[in-house]
Structures are given as structure tokens and as C-alpha cells.
Amino acid sequence: MGNNKLKLWLPLIFSLVMIGGMFLGYKMKEKMPATARFFSTERKGTVQEVLDLISKRYVDPIQTDTLADAAIEEMLSHLDPHSIFIPSSDLQQVNEDLAGKFEGIGIEFNIFDDTIHVLSVLKGSPSEDAGLQPGDRFLKIGDSTVAGNNTGADEVKHLLRGMHGSKVQVTLLRGKEIKQFTITRGIIPLYSLDAGYMIAPATGYIRLNKFSETTYEEFMEAMQKLKENGVQKLILDLRGNGGGILQESVEIADEFLDGNKLIVYTRGGHIKKQEFRARREGIFEKGKLVVLIDEGSASASEVLTGALQDWDRAEVIGRRSFGKGLVQEQYNLNDGSALRLTIARYYTPLGRSIQKPYDKGIESYNEELYDRYHNGALLNADSNRMATGEPYHTPMGKLVYGGGGITPDVFVAMDTMGINNKIARLYTKNTVGNFVYRYYIDHIDHFKLFANPADFGKGFDVNDSVWDAFTAFALRDSIKLSSMSATDRQFIMRRLKGLFARQQWRNEGFYEVNNTRDPMVIKALEELGE
């Protein structure tokens, strides 16, 4: 049964690691060439000769661009798992994630019954300024009818996004009333900070989901607010953080480390060794610090965690991190595509390489998280580190390991509560998410009575009435919950409560409510003496 949950989340974890981790070297201090022509020699290479012959002589019409992309991907498959080719059609979205912003209208939407529903409206966004509300349903975007004609999510994004300052007219159905709005597109942030709040007296909590160009700025804003509230201890949650821009993680590490301590260094076959050190007085150099990690924490997350662990600055709690210690540099190609090529490895202050082995091929590399589950590494502390990990000792004598991720100081097993086929179906069919949205819209006046997530956490319960509504809703997806065990029911009820909070206060609300029952957060509070 455990495989179901892992199979459900592993593709998401690995895609986040791949997308986030490949940005690691994007903004290194040492200036690197922005573009490179890999096939621009005076004589045509064999690959180009073959493509030319196919284009001119092949019996049937064929798209040679597709063949070229396949040839490049095949070449990269013989290198390492994180050197990748990005087609021009995908590059804009990848760069938007890295920049931490895009140009659009600022809503979260989903498609139910072939109708586009507004799930939430970003505070301060063009959509909020125009008057859009959660529960609105799109009929038209510009001249395009989008209701009842199988319009997909990508097409909706294409229609709604556009240059900053441009306008888009939308026709919506609110209740039974048709409304029209003209929205002036703006710069929409893609936040990397999910939550930052006082989780206990004198104890703060910050969760980062990636390292983009705005992460350090977001982190400092959150820290300033926590300082104003008297923070003396901090939980830094990096679970599921697949990485991003190296420099952003370095800047955050500098806020915790004093002097000119080494944070990370990189070394490659064709570039000089480069060191990144603390260089200023940090905002939280003395307070007690805990870092949370799991198997989805990778790349820049491991840089930050490794530096804090090597200098005995933080206690690391959770499970062994992903193990991605390769630095990529982006090279823009002539056709608008890009190559992210591994150019170096990074090393923690003690000289640990965090990169896990990939000598058995990319398929084996991709299956490594499955292997961890089967060999008990996600469930048992004794199996949590790489069997061949090289040992190191910190200045205070703590034993740490390299060669395959960051091994935590305190192990917390994967939460296996609620792992079964029925619960997996609730997520794969998005039954939970669909119910939360619809129930929230139907009872929005009641939810609006709560001023903040803390009040909501104390004053709202998923009672029998809510559960009965959810049970009836699940039956529409042919999922019967009448035989669900009491333990599984409690698991789903807690999940529903957190998602209701997210519906009203986005990620900040979800984590503030969910953290009260999160085993890893509870352990962190215990270690901090709360």
C-alpha cells in the first residue's frame, strides 16, 4: 500500500527537483558566456550532415527540428541526469519560474465540468482591482468562447497572459448573472515563500518552496516581521524545495553564519574553483535554528542545509535529501531553445559532495527514491544515509556524510497515515480539491467570519455535516467512504481543514493550520524546547 502514495508524489517531487535543481549555477558570481554555438564549426558535423540529408532526400516529409531535438536529448542522456535541452516552446515558462514572476492577471483557476472556475484572486493583482471573485466562471476571454468547448488549461493561460499594461476583456458568470470586466495585465509574482509566521512564543517558522530571483528578498521581509515579533528561535522548512538559483541560497546562508565562513565552493573541469563566503553581519546569527528537509529537498536547498550543518549552526531534522550536487549553466541556442549543461560540482564547507551516484544510468538514478522506500530509508533511521557515504566531522565533532544528499541529525519517518488505494484515488481524481473549492464557495460567508488562519484553526472543525457532504461528493467519483477506517477518516479531515484554510489565505493559511499536526514540525518544536 505504501507504494501508492510514493508513486503518486514521486513524479511531482522529481520534476520539481529537475526544474529547480538545474538552475543552481544560473547566477554565479563568476561571469560566464551567455550563449554558445555548439555546432558552429567551419565544417559541418556528422549530426548536421545527417539532418541535411534527411531533409533533402528522405522519402516522406518530416520535421527535421524534431529529429534535431531528439538527437540532442540522446547525446545528453550519455552525460549526467541534470544536463537537459529546453525546447523554445518551454523556455519562457522555465525562465518565468526562475525569475519569480510573469505577466498576467493574477488568478488561480481550475476546470470543472468543462467550465473554468476562479479558485482564488491574488491580493493586489489586476484581477482583484478589476473586481473578480472566487467562484466566478469564465464564458469568454477576449473573442474566444472558453465554456463548454473543451478549452484546456494551457490555452487559458495563453489567452490570459500578455504584456504588462495590455488589456484583456473577460465575460464571467457570477451566480446567474453575466458580467464583463476589462483587466489591465500586470507583473504577477511567483512567490517562493509559502509561509512566515510566529508558530510559538519567540519561535518563528519560514517555508521556502524554491530559490528564485526574489527568494532572498522574500526571506528578509519575513525575517524582519518575525524580528519585530520577538523571534529568538527559527524553523526553516525546506521540504520539497527542489532548488534554484545558487546565489539566493548563499545570501540566506550568510544571514545565519558569522565572520567570513565558507558557505559552498564549486569546481569543474573547465572552470576555476570558486568559493562563496559569508561577508556581512546576518539577521539571525545567534538564535536557535532548525532546518527541515526530506527526499524532495535538492540542489540549492542542500547547499544551504549543508553549510549550516557543517558549521554546527543548525540542527537538521527530517529525512535524507535528494542528492543533487551538480551545477548547470544555461546556453541559449540560435533557434530560441536552450541547453542547461553541467559545468561543475558543488561542495559543502567540509568538502562534502552531495551528488548521489549516477554511474548506473539515468533510469536507475530516477528510480533511486523508490529504492529508498523499499530498503527502508524513508521509514527507518538506520537506513537513512547512503551506505557508501564518506564520513566527515564538524568543528564540534558531529559525524556527517557526503556522497548522496544531506543526512539529518534527527530522523523523522515518512508519515504513512492514510496510505491506501482509496485515499490515492481521492487525490488522483482530485476529489479532495474539487470538494474543497465547491464547499468553500457554497459557504463563503461562514468562512469569511474568521479573521486569520489562527482563528480558523481554533474555531473551525470538519464536523459530521462537512464529512457527510464530502462522502456524498466522493460518490460522484465512484469512491465509497463508508468503510473508511477511523484513522484514515481523521487523516482526510485534517487535510480538508488545511485546504479550506488555503482556499481563503493561500499557502500561508494551509501551513499555519496544517503545521499543528505535522509530525516533523512537532518534532522541531520539541527540539527547540517548545
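**Exercise 1. Helix α4**

Which strands are included in what covers the buried residues of α4?

Solution. This is a predicted model, in which local features need pLDDT of at least 70 and side-chain atom pairs count only at pLDDT 80 or more, while totals for chains, interfaces and linings use all residues. Residues are numbered from 1 along each chain as its sequence is written, and side-chain values use heavy atoms, with hydrogens and water left out.

Step 1. Helices (H or I, at least four residues) and strands (E, at least two) are DSSP runs, numbered from the N terminus. Buried means under 20% relative accessible area, exposed over 50%, and partly exposed in between (1.4 Å probe, protein chains only). Contact means heavy atoms within 4.5 Å.

Step 2. List the buried residues of α4: L91, V94, E96, L98 and A99.

Step 3. Find the cover. It includes β1 (84-86), β2 (101-104), β17 (326-332) and β18 (338-347).

Step 4. Check the length of the helix. The expected span is 1.5 Å times one less than the number of residues. For the 12 residues of α4 (residues 88-99) this should give 16 Å, and the end C-alpha atoms are 17 Å apart, which agrees.

Step 5. Look past the end of the helix. G100 follows α4 and has a positive phi, near 80°.

**Exercise 2. Helices α7, α8 and α9**

Determine how α8 packs with α7 and with α9.

Solution. Step 1. Axes are lines fitted to C-alpha atoms, for helices over the stretch in contact, and angles run from 0 to 180 degrees between N-to-C directions. Angles under 35 degrees count as roughly parallel, over 145 as roughly antiparallel, 65 to 115 as roughly perpendicular and the rest as oblique. Ala, Val, Leu, Ile, Met, Phe, Trp, Tyr, Cys and Pro count as nonpolar, Asp, Glu, Lys and Arg as charged, and the others, Gly among them, as polar.

Step 1. Take α8 (residues 246-254) with α9 (residues 300-310). Their axes are 9 Å apart, at an angle of about 25°. That makes α8 roughly parallel to α9. The contact joins L246, S249, I252 and A253 in α8 to A300, V303 and L304 in α9. Its residues divide into six nonpolar, one polar and no charged.

Step 2. Take α7 (residues 215-228) with α8. The angle is about 25° and the axes are 9 Å apart. The two helices are therefore roughly parallel to each other. In α7, T215, Y216 and F219 meet E248, E251 and I252 of α8. By class, this contact has three nonpolar, one polar and two charged residues.

**Exercise 3. Helices α16 and α17**

Are α16 and α17 roughly parallel or roughly perpendicular?

Solution. Step 1. Helix α16 (residues 464-475) packs with helix α17 (residues 486-514) at an angle of about 95°, with axes 12 Å apart.

Step 1. That makes α16 roughly perpendicular to α17.

Step 2. On the α16 side the contact is made by D464, V466, W467 and F470, and on the α17 side by R489, I492, M493, L496 and F500. The residues of this contact divide into seven nonpolar, no polar and two charged.

**Exercise 4. V146 and T171**

How many residues apart in sequence are V146 and T171, and how many Å apart in space?

Solution. Step 1. V146 lies in the loop between β6 (144-145) and α6 (153-160), and T171 is in strand β7 (residues 167-174).

Step 1. They are 25 residues apart in sequence and 9.8 Å apart in space, C-alpha to C-alpha.

Step 2. V146 counts as buried at 2% relative accessibility. T171 is buried as well, with a relative accessible area of 12%.

Step 3. Leaving aside neighbours within four places in sequence, the contacts of V146 include D114, F138, L139 and K140. With residues up to four places away not counted, T171 touches residues including F138, L139 and K140.
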